[in-house]
Amino acid sequence: MPMNLTSNGIPVILSGDMNSKPLLQVLDIKLIGSSQERYRLLLSDSVFTQQTMLATQLNDRVKTGAVRKGSVVQLIEYICSTIQNRKIIVVLNMETIIPECEVIGNPKTHAESDTMAHNPVSNGTSQYTTKPSTNRSVPTNLSNTTQTFQPTVQPAYQPPPVYKAHGSIMKNEAPARIIPIAALNPYQGRWAVKARVTAKGDLRRYNNAKGDGKVFSFDLLDSDGGEIRVTCFNAVVDRFYDTIEVGKVFIISKGSLKPAKKNFNHLNNEWEIFLESSSTIDLCPDEDSSIPQQQFSFKPIIEIETAENNSIIDVIGIVMSVKPCVPVQRKNGMETQKRDLNLKDQSGRSVELTLWGEFCNREGQKLQELVNSGFSPVLAVKAGKVNDFSGKSVGTVSSTQLFIDPDSPEASNLRAWFDGVGRNLDSQSISRDLQGGSKMDIWKTVSQIKDEGLGRSDRADWVTVKGTISFIKTDNFCYTACPLTYGDKQCNKKVTKSGSSKWQCDRCNQEFEECDYRYLLQCQVQDHTGLTWVTAFQEAGEEILGCSAKELYMMKCEGDDDRFGNVIKSRLFGEMLLKLKVKEETYGEEQRVKITVVKVDKVNYSSHTKFLMGLISGKIN
């Protein structure tokens with residue numbers, strides 16, 4: 001079937017027309033960038049060619065073959081920016097018209113100084129026709145692997161009247177066009193997003209080599225489901241901190257985009273917005289029902305078993321029990337609150353959820369009152385953190401949000417299941433059972449770890465061993481660690497003394513008067529079948545020795561050898577339940593199996609005996 005490309009399609013775009021939807025042909029595709037995957041396309045209108053960048057949300061079009069060399073495409077949404085005196089077209093959305101055909105015409109590189117670039121002729125068509133190629137198969141269903149935006153171009157954002165009295169608008173200060181969050185990229189000169197604030201972080205203060213500072217972040221969600229984090233520093237904090245309210249819709253423009261730090265940003269977006277002195281935030285007075293209040297990506301509890309440690313997830317479940325709030329001392333000496341509760345869902349599993357800080361007295365107290373009254377509420381957790389110290393559990397962090405009995409299809413389905421049959425169904429816990437042994441624990445002897453080749457597969461093996469610690473190395477039992485906290489994580493990297501006698505962290509590039517001390521214990525564990533070496537880090541080390549690494553380090557530094565020796569000796573040859581992670585790691589060119597202690601419990605002989613009797617009778621598999 002003959003196919004005509006849009007005549008002068010390239011010059012029309014370069015002249016600034018963002019509303020045309022030209023038919024162009026892909027002549028070449030190149031993958032560029034090492035840290036961020038991006039594709040560069042060479043597009044042709046049959047007369048001229050132009051280099052373009054493909055927005056990252058369209059990468060799958062190339063990977064699935066929907067767009068390839070020879071494809072005829074229609075540009076639905078795009079922008080044209082000037083970078084280092086060169087015009088760059090960024091394609092935000094497009095449709096494939098013909099998957100592949102021969103090259104149309106004899107196109108040449110477009111020169112921006114050509115007369116046609118200044119006086120383009122639009123709405124024309126080339127007289128060249130296409131001959132479909134038959135040397136490749138055409139995908140039969142591309143809709144399942146591609147995501148498209150509505151092709152309608154939104155009107156330019158007009159600022160409030162207070163800004164209209166500033167005289168005529170300069171050429172480079174034209175109102176920005178509202179675009180989807182998913183289409184944001186650093187190549188855009190002017191942009192605006194209309195989105196709802198779904199989360200607002202606390203105002204945090206910091207100190208580094210440049211001096212004191214303050215920072216806060218908030219998360220945005222737009223009508224297309226795109227999410228992105230926005231961060232403000234120092235003077236920008238003063239401008240916008242009180243303005244931002246969770247649940248309100250704002251129009252935000254004039255910020256810079258930088259790669260998101262995935263260690264502290266769980267949102268599904270490779271970019272993060274940093275607001276500047278020229279940035280604007282305007283409240284939308286009218287509620288926009290097209291933008292959802294919140295967006296979840298719930299993971300069934302059974303899938304949390306295989307989730308990576310420290311990963312951020314959304315989970316929803318029925319609250320079965322709530323424990324009292326207890327005080328806990330943080331590593332920095334500050335006291336906080338902790339409260340544990342239990343969630344179950346239709347997957348047949350239950351998980352322990354730990355609430356920290358204000359969550360304990362706010363949502364935690366309300367949940368306890370509901371459970372004590374005989375009602376089991378639905379709880380949705382947005383951005384909970386997975387922990388694998390005791391089986392698998394979930395904990396709150398500063399960006400976590402809790403929703404009790406939310407108005408959502410998932411909550412309605414869960415409530416109907418629980419009220420129907422779920423209330424009377426047993427669930428298997430993927431977290432530690434405090435009654436002597438979890439049904440999910442895999443019990444092994446020391447000799448079985450080696451005999452069965454544990455840890456030599458692609459994934460780590462998690463086992464529980466009942467044994468004793470027969471020896472502890474005391475020459476290097478701890479290390480000096482960085483005490484700085486970024487987001488919800490402490491740095492913990494090894495620090496050294498600098499020339500100014502202060503502690504210095506190469507990772508954070510900062511100096512400080514005091515450092516932390518963290519355990520790095522090398523212990524020998526034995527049972528009736530043999531012995532093996534294990535490593536115990538901070539929390540496990542404290543459980544083994546019963547004191548902090550700093551306390552033990554000070555005993556040794558002060559020459560209190562008797563007290564130091566008594567602490568070590570008192571922890572030897574007592575039976576313990578050791579939760580171990582067994583994983584093969586590479587040291588140089590040598591493969592070694594490393595055994596790490598992740599949890600230590602005292603043996604409750606009464607409950608442990610019942611547990612073993614259940615194993616013998618076959619009641620526990």
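These exercises go through a predicted model, from the whole chain down to single residues. Local features need pLDDT of at least 70, side-chain atom pairs count only at pLDDT 80 or more, and totals for chains, interfaces and linings use all residues. Residues are numbered from 1 along each chain as its sequence is written, and side-chain values use heavy atoms, with hydrogens and water left out.

**Exercise 1.** State how many helices and strands the protein has, and what share of its residues is buried.

Solution. Next, apply the burial classes: buried is under 20% relative accessible area, exposed over 50%, partly exposed in between (1.4 Å probe, protein chains only). Of the 621 residues, 45% count as buried.

**Exercise 2.** Describe the closed barrel and the helix that lies across its strands.

Solution. Begin with pairing: two strands pair if DSSP finds at least two bridges between them. Angles run from 0 to 180 degrees between N-to-C directions, with axes fitted to C-alpha atoms, for helices over the stretch in contact. Thr535 has Thr596 in S34 as its bridge partner. Finally, helix H10 (residues 538-545) lies across S23, S31, S32, S33 and S34, at about 55° to S34.

**Exercise 3.** Find which residues touch the most other members of the largest nonpolar core, then list contacts of Val597.

Solution. A nonpolar core is a set of buried Ala, Val, Leu, Ile, Met, Phe, Trp, Tyr and Cys residues joined through side-chain atoms within 4.5 Å. The largest holds 41 residues; Ile472, Tyr519, Leu521, Leu545, Leu552, Leu580 and Val597 touch the most other members. Contact means heavy atoms within 4.5 Å. Leaving aside neighbours within four places in sequence, Val597 contacts residues including Val534, Ala536, Ala540, Leu578 and Leu580. A separate second core has 31 residues, among them Val193, Trp271, Ile273 and Leu275.

**Exercise 4.** Decide whether Phe359 is buried or exposed, and locate its surroundings.

Solution. Phe359 is found in helix H6 (residues 358-361). Phe359 counts as buried because its relative accessibility is 9%. Not counting residues up to four places away in sequence, Phe359 touches Gly364, Thr396, Val397, Thr400 and Leu402. Ser398 is 39 residues from Phe359 in sequence, with 9.6 Å between their C-alpha atoms.

Notes
Helices (H or I, at least four residues) and strands (E, at least two) are DSSP runs, numbered from the N terminus.
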